[in-house]
Amino acid sequence: MTTNYETREHDVLVIGAGGAGLRASLEALAQGASVGVICKSLLGKAHTVMAEGGIAAAMAHVDSADNWKTHFRDTMRGGKLLNNWRMAQLHAQESPERVRELEQWGALFDRTEKGDILQRAFGGHTFKRLCHVGDRTGLEMIRTLQDRGVQQGIDVYMECTVTRLLTDGGRVTGAFAYWREAGRFIVFKAKAIVIATGGIGKAWRITSNSWEYTGDGMALAYEAGAELMDMEFVQFHPTGMVWPPGVQGILVTEAVRGEGGILRNKAGERFMEKYDPKRMELSTRDVVARSIYTEVKEGRGTEHGGAYLDISHKAAEYVKKKLPSMYHQFKELADVDITKGPMEVGPTCHYMMGGIRVEAETAQSTISGLFAAGEAAAGLHGSNRLGGNSLSDLLVFGRRAGLAAAEYAKRASASSFDNSQIDQAEKELLAPFSNSGTESPYAVQRDLQEVMQNLVGIYRTKEDLEKALVELGKLKVRTAKASVEGSRLFNPGWHLSYDLKAMLIVSEAVTLSALARTESRGAHSRIDYPNVDPVWEKKHNIIVRESGAMKRRESPLEAMPEDLQQILAEDRS
Amino acid sequence: MKEATLLVFRGDSNGGQTIAYRVPVAPGMVVLDALHHIQGHLAPDLAVRWNCKAGKCGSCSAEVNGRPRLTCKTRMDDLPQDQPITVLPMKSFPRIKDLVTDVSWNYRVNRKIPPFEPRKGVEWKISQLDVDRVQEFRKCIECFLCQDVCHVLREHDKQEQFAGPRFFVRIAGLEMHPLDGRHRAALLKDQLGLGLCNITKCCTEVCPEEIRITDNAIIPLKERVVDEFYDPLTMLFRKVRGQ
Amino acid sequence: MAGVPTSLPESRLGSTLRGDAWWMEILAVVIVLGGFGAYATLRAFENAYYFWGPYLSPFYSPLIDPQHHWWPFSPALLILVGPLGFRATCYYYRKAYYRAFFFDPPACAVGESARRNYRGETAFPFILQNVHRYFFYLAVLFIAFLWRDAFRSFFFEGRFGVGVGTLVLTLNVSLLSLYTFSCHSLRHLAGGKLDCFSCATFGRPRFAAWRVSTFLNERHMLFAWCSLVSVGFADFYVRMVACGTFRDLRLL
Ligand SMILES: Cc1cc2nc3c(=O)[nH]c(=O)nc-3n(C[C@H](O)[C@H](O)[C@H](O)COP(=O)(O)OP(=O)(O)OC[C@H]3O[C@@H](n4cnc5c(N)ncnc54)[C@H](O)[C@@H]3O)c2cc1C
Ligand code: SF4
Ligand code: SF4
Ligand code: FES
Ligand code: FES
């Protein structure tokens, strides 16, 4: 076997350079660890850059009644109590400090009259809570973190994809990766590894996610033996673009509704009155997405199969100032002037609540040496995430993961592993070049996306899910045979053949979990089980690999302490 | 269905050629959609960078019909329908493969810029009127189209002496940050080559974020350099005030 | 998918894949700026027909030593350096002539001629562009004189009146003022140089001043061309009236 690869060594290796990965790196660096960060795209292009609406933190700058307790309660209720309560608590308590820290590193948020950080309303949040920069909050966040990271001396490996974690007797000690550019291999030795690879949305046809979101981190952790949790909870954002075809799925930020946008059906009815008369457009995402879906299904949709979202009753100048990128996005891509007329929107696959199971305080996974944060980790959001809670999640748990990883690395012995793992990883990666099949990975991906879109979408049934499992099985076979043309030099077809493998793992995990959960909760809606089931309120679905096969287990929720229960019970209004 | 012909550069650092592909045209289609169609059906190894498909990440830069553009924001129906559409990689950066170029130089330049450092004893109160001006610079999505079009880099290859418009924008964002306490005028003049810019405004013309790079970032920075190094009166004034 | 071995364009002067008429812009600049330059040179040396009645040509204002006591040449040459230097170092005109006359670059994404040692504005002569703000100070002085001339053009032998020339001169000085007060250097001095408007002394008024000059500055190019045409025309008008080709129409 070719042993042609370079080797790098770090105390802490962070896979993923989005908000979570960068925040983890900064913290590990501050602890004196040597840190390397790997990302599939160029630095600064991760999903975090696309986040628009804002970052949730109970700073109480606009609504002085806000505090961590309310934020905690909103998060738990939004997640239908399936959240890890300790994570929800830490998140609510620590996010204001994390936001302030960003500001001290040079980020510039929109301001209140008094010169504090301005906050806006968002779905499911009791108070105006989202710190924002117009509608490009994620850009501000990732630039701030990235520039600081580069200044502080993080080693960044751009356009480099990890395809396998290397282990040594149950402990994660390294990673195998290839450079996308030249197709050459690189092996990382590390005492601790943080996974911050984001979500899985690319397995669906209509999604707000980019090519990067193929669930790599979850697949890596799964293959290394870590547990995945709550995989059935995939968030469909209620408002993605529906027309023209090329932009289908691209996100329309919730900030449009936060700033007063109104949803209507073909007949001009403000249909949210039917589904959630109290919170209307600012209901939680699962509710709004299902409402739009139902309107369309029952024949009240717009010309291109969506709903109308209208902000044109606000002054044109205000809209352009608070939602500039939405204004341009519609103007340039859909020929719609949102200051004059409504947008057409429909649900789009957006966010993964489930992921790698972690411990709340340290973000450590169920195997040693492996940590996870951000969208790749599970727990904080339960069965449904509130808008704005992701960016704060990245900062709070990115920091905690970096801290714990650095501390773990201090105590850990030097990295070592059995080199046969490398040979195997190489062989697997190069297989598509010698496969005899004629099918291109793109064709397989298209079919996978159809399967997930049609059978594991917003509404699910037993029949659909079972059918999906069969289809996934066939796709696995096709993937193993798919072949690629060309050389190893920047070859997207080849890259996709690995991504497919990861997508299939997470797709199967989602489907298995969804089939098992015989209730409807948060983002998981079963037509055959339309109600919440108190029994399932106490259980997580766990996915783990056992003797080469995917197994599902159930694990009871940890009991919530008295004081938190009280907070939760307060103001049941 | 209507079809369009794309002439796409295929090749690597050793050279290459443009190859013609026929692509069906759907309503509202952008050039990146066409490239994806080629990838998905005709040439799976076509190298293209992209992420957001919505003009937010700055990955998909290329030269469409000779103009530096984001391919995800270039509508097919805005281009002449009767002629083939040429899509080439950015010219100012070394080619890697097809439309992918080596932009790592930019990341190296960025490292030369001293980061934000708050003035001593600032209260973290900032007025919106101060934020407004700087936010324009912070809109930059690092598409590097301005770097590509700037003739100082494109025609004169001054990569060593010149930071390029993207980083003047970044420095403007730092220099005009209401709480920043550093001065970067000397750096701009001596190491980042602000003087090499002859304010011919091509960067402003191509910026997809509509940042008025030349007028709002570069010229104000040039004026700050003048304050510091070329204006005897201000220099004297500063001496007298003991600053 | 037939391979069409199209080689990429070499960098030569004018090489580009742009299909539009990118050369139109530089052509227009060459014609207007070149035409103005030629006309202004002729007029400056002409040393005649620069006033009539209450009208004084802006090329000759302020008028210094017209009787040639100590300056044997055209008085225009004494003052020319002011307006000329102001425009030559103007940030907008720099762009226009670097593109149109030096092809540096001819247009965006269009090739330049064979490599030479490009120094931009870091070396002589163009490093002198940095004195632009001093020309601005001078220009303000000139504007004052031109307003005085415009004011005088309302008085025909001591009596109030308005001729076509009055309007021409007044319009001209208005446009020149807009051009001058939309200058980038002024924008900087007015407030642009501050990092924090809300914390500086007199920050608020300076913020307001900066806002106004920004508003004007965004239209600087427009004012640059309008005032160039108007100043040329004002001189032309005075000349034609002074040499008797036109008759100045009295409106009031
Ligand atoms: C359009 C859009 C708008 C959003 N708006 C908001 C909002 O307003 N508020 C909010 O709170 N949330 C928002 N979200 C959600 C939020 O942005 C994401 O959940 C969050 O950014 C995820 O951050 P992360 O750090 O976990 O991952 P990312 O930022 O996605 O980073 C993942 C990183 O992992 C790398 N990676 C992945 N796989 C590999 C591999 N195999 N090898 C090496 N590297 C790898 C990637 O290259 C990337 O650098 C939005 C999401 C989208 C898509
Ligand atoms: S204005 Fe300056 S920085 Fe911008 S393209 Fe022209 S020379 Fe380059
Ligand atoms: S300044 Fe504009 S053109 Fe330059 S990199 Fe940023 S967004 Fe792109
Ligand atoms: S793909 Fe993100 S800017 Fe084009
Ligand atoms: S006059 Fe044009 S910038 Fe000063």
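This is a predicted model: local features need pLDDT of at least 70, side-chain atom pairs count only at pLDDT 80 or more; totals for chains, interfaces and linings use all residues.

Me: Why is Arg170(B) called buried?

Reply: The cut-off for buried is under 20% relative accessible area. Arg170(B) comes out at 10%, so it counts as buried. It belongs to helix H6 of chain B, residues 165-175. Leaving out residues up to four places away in sequence, Arg170(B) touches Asp147(A), Asn110(B) and Ile113(B).

Me: What makes Lys73(B) and Glu332(A) a salt bridge?

Reply: The rule wants a side-chain nitrogen of Lys or Arg within 4 Å of a carboxyl oxygen of Asp or Glu. For Lys73(B) and Glu332(A) the closest N and O atoms are 3.0 Å apart, so the pair passes the 4 Å rule. Between chain B and chain A the count is 8 salt bridges.

Me: How do you know how big the interface of chain B and chain A is?

Reply: Interface size is often given as the accessible area lost when the parts come together. For chain B and chain A that buried area is about 4900 Å², with carbon and sulfur atoms giving 52%. In residues, 56 of chain B are in contact with 60 of chain A.

Me: What about the area between chain C and chain B?

Reply: There, too, about 4900 Å² is buried, and carbon and sulfur atoms give 52% of it. The contact involves 54 residues of chain C and 57 of chain B.

Me: Which residues touch the most other members of the largest nonpolar core?

Reply: In that core of 260 residues they are Phe72(A), Ile193(A), Ile195(A), Leu6(B) and Leu35(B). Helix H15 of chain A (residues 492-516) gives the most to this core, with 12 residues. A second, separate core has 24 residues, including Phe86(C) and Phe135(C). Back in chain A, the contacts of Ile193(A) beyond four places in sequence include Leu13(A), Leu165(A) and Phe371(A).

Me: How do the residues around ligand 3 divide by class?

Reply: The shell has 9 nonpolar, no polar and 2 charged residues. Glu142(B) and Arg166(B) are in that shell, and Glu and Arg count as charged, so those two account for the charged entries. Cys140(B), Cys143(B), Cys146(B) and Cys207(B) are also among the residues around ligand 3; Cys counts as nonpolar, so they go in that class.

Me: And which residues come nearest to ligand 2?

Reply: Of the 13 residues around ligand 2, those are Cys150(B), Cys197(B), Thr200(B), Lys201(B) and Cys203(B). By class, this shell has 8 nonpolar, 4 polar and 1 charged residues. Helices H5 (151-154), H8 (202-206) and H9 (213-230) of chain B each supply at least two residues of the shell.

Me: Which residues of helix H10 in chain A are buried?

Reply: In H10 (residues 324-334) of chain A they are Met326(A), Tyr327(A), Gln329(A), Phe330(A), Leu333(A) and Ala334(A). The cover over them includes strand E11 (234-241) and helix H9 (316-322) of chain A. Just after H10(A), Asp335(A) takes a positive phi of about 55°.

Terms used: Residues are numbered from 1 along each chain as its sequence is written. Chains are lettered from A and ligands numbered from 1 in the order in which they are written. Side-chain values use heavy atoms; hydrogens and water are left out. A residue is near a molecule or strand if one of its heavy atoms lies within 4 Å of it. Helices (H or I, at least four residues) and strands (E, at least two) are DSSP runs, numbered from the N terminus. A nonpolar core is a set of buried Ala, Val, Leu, Ile, Met, Phe, Trp, Tyr and Cys residues joined through side-chain atoms within 4.5 Å. Buried means under 20% relative accessible area, exposed over 50%, partly exposed in between (1.4 Å probe, protein chains only). Contact means heavy atoms within 4.5 Å. Buried area is the accessible area (1.4 Å probe) that two parts lose on being put together, summed over both.
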